[in-house]
Amino acid sequence: MKLNRESRLSKKHLVPIIVTFFGYIVIALYFNSLGPNAPVIMDFYGTSYAQHGFLMTMQSVGALAAAIFFSLRGEHYNKINMIAAGILLFGVSSLAAGFTPPYAALVFILMLCGAGATTTDVMLNGMIPELYPKHKNTLLPILHAFFGVGAMITPLIVTVMVNPDIPLTFGRPLLLFGALGILVSLVFFIASRRTLAETPYVDMDAVRKKISDNPADFYKEKKAWMFLAAAVLYFSFQLGLLSWLPSYCREIGMDFNTAGTMLTAFFTGSLVMRFCGALILKKITARKAYIMFSLLSAVIVAAALFMTSPSVMLPLLAVGGFLQGSCVAFLLLMSTAEFPDRVASASSLTFIGLSLAAMVTPLWMGALAEFTGFLTPLLMVCALLALSGLLVIKATKPPGR
């Protein structure tokens with residue numbers, strides 16, 4: 001299944017892709033706003049940390065349900081239309097959350113947000129290697145770089161739009177993100193009509209004939225489970241740092257602002273790598289890049305954790321963040337290459353891994369830290385990242401062998 005004129009990306013083909021890049025920024029803004037906005041949300045609803053955590057868990061449940069569904073049935077749907085539908089569902093749900101509904105309704109709405117965002121994730125990351133195989137090594141890293149841009153600017157937007165003294169204002173960013181999501185969905189839907197006729201998705205009956213009657217056949221492949229495990233391990237590392245690195249830095253004597261700067265250094269390095277990922281893939285394969293960079297990042301971040309001086313820890317974390325910055329794109333490129341006829345299923349593996357890690361990693365790390373402090377669980381997630389790289393060695397093989 002290839003584009004008729006896939007050898008080059010014309011303006012007509014490029015416009016829908018560019019629109020989805022901005023859609024990824026909006027999704028990143030939403031997901032990364034819930035942390036900075038948490039105290040204001042809890043003040044408005046009068047909820048505890050556990051109740052707020054339940055919101056995040058239910059959001060992950062929605063995301064996981066969508067990822068599992070599309071791992072089984074993704075190839076049965078027009079990916080272009082499903083991307084538009086996913087962004088629209090996310091946008092409408094975020095808009096609804098911004099109108100400050102009752103807590104019980106908010107739980108359901110955030111679950112829909114997770115499902116809509118993951119639908120977009122799975123279908124978009126599956127569509128690019130399927131329709132643009134000659135450009136996937138450029139487009140996928142840049143796509144994830146745009147997510148990184150959204151993550152970096154989110155705290156500023158929340159600070160500007162939310163007034164902690166007026167809890168009702170927690171909904172302002174959600175209203176903005178919802179409106180932007182709906183706009184992106186409509187623009188993408190219109191722009192993609194010009195390219196749809198040149199894709200295999202114009203005749204979905206022909207596509208479905210190539211698919212096994214038993215969609216669960218995909219999970220009979222041992223390497224599918226290995227890619228899923230690699231994703232869980234990778235996201236356990238990233239989410240573990242996101243959740244608890246500042247707490248560890250406070251534990252070893254850093255002040256609040258300095259502790260936050262350590263995490264900023266890590267994700268700044270990560271963002272730089274996301275823009276460099278396409279260049280790296282011109283020199284080495286995604287497989288080699290994932291294995292090498294995941295192992296190096298695990299070692300460097302682990303070393304950084306033993307540095308009590310902020311001036312030493314900060315550059316180490318920046319380098320560690322840089323090295324692992326494009327690992328998501330590398331993992332997606334590898335898994336979709338291993339399953340060229342099931343790209344939606346292969347793409348889903350990464351997002352199932354993300355949802356599973358999001359549901360359990362902060363919890364087990366926090367529970368362990370109550371007995372050991374944060375150094376031990378943080379070193380453990382570094383080890384998990386290294387194990388993820390080793391799993392990829394087993395799940396893949398070099399070309400020609």
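**Helices, a loop and a surface patch**

Biologist: What is the handedness of the crossing of helix 9 and helix 11?
Modeller: In this predicted model, helix 9 covers residues 222-251 and helix 11 covers residues 286-305, and the two pack with their axes 13 Å apart. The crossing that helix 9 makes with helix 11 is left-handed.

Biologist: Are helix 9 and helix 11 roughly parallel or roughly antiparallel to each other?
Modeller: Two packed helices are described by the angle between their axes and the distance between the axes. For helix 9 and helix 11 the angle is about 25°, and angles under 35 degrees count as roughly parallel, whereas those over 145 count as roughly antiparallel. Helix 9 and helix 11 are therefore roughly parallel.

Biologist: How do helix 5 and helix 6 lie, roughly parallel or roughly antiparallel?
Modeller: The axes of helix 5 and helix 6, the latter made of residues 136-161, come within 9 Å and cross at roughly 160°. Because angles over 145 degrees are counted in that class, helix 5 is, relative to helix 6, roughly antiparallel. The handedness of the crossing in which helix 5 passes helix 6 is right-handed, while the orientation asked for is roughly antiparallel.

Biologist: Which residue has a positive phi although it is not a glycine?
Modeller: Most residues other than glycine have a negative phi. In the loop between helix 4 (79-98) and helix 5 (103-131), a phi of about 50° belongs to Thr 100.

Biologist: What accessible area does the nonpolar patch of Leu 176, Leu 180, Leu 183 and Val 187 have?
Modeller: One of its members, Leu 176, has its place in helix 7 (residues 171-196) and counts as partly exposed, at 33% relative accessibility. Together, Leu 176, Leu 180, Leu 183 and Val 187 form this patch on the surface, with an accessible area of about 290 Å².

Conventions:
Residues are numbered from 1 along each chain as its sequence is written. This is a predicted model: local features need pLDDT of at least 70, side-chain atom pairs count only at pLDDT 80 or more; totals for chains, interfaces and linings use all residues. Side-chain values use heavy atoms; hydrogens and water are left out. Patches are made of residues with over 30% relative accessible area and no salt bridge: like charges are joined within 9 Å, nonpolar side chains (Val, Leu, Ile, Met, Phe, Trp, Tyr) within 5 Å. Accessible areas come from the Shrake-Rupley method with a 1.4 Å probe; for residues, only the protein chains shown count as cover. A salt bridge is a side-chain nitrogen of Lys or Arg within 4 Å of a carboxyl oxygen of Asp or Glu. Helices (H or I, at least four residues) and strands (E, at least two) are DSSP runs, numbered from the N terminus. Buried means under 20% relative accessible area, exposed over 50%, partly exposed in between (1.4 Å probe, protein chains only). Axes are lines fitted to C-alpha atoms, for helices over the stretch in contact, and angles run from 0 to 180 degrees between N-to-C directions. Angles under 35 degrees count as roughly parallel, over 145 as roughly antiparallel, 65 to 115 as roughly perpendicular and the rest as oblique. A crossing is left-handed if the near helix is turned anticlockwise from the far one by less than a right angle, and right-handed if clockwise.
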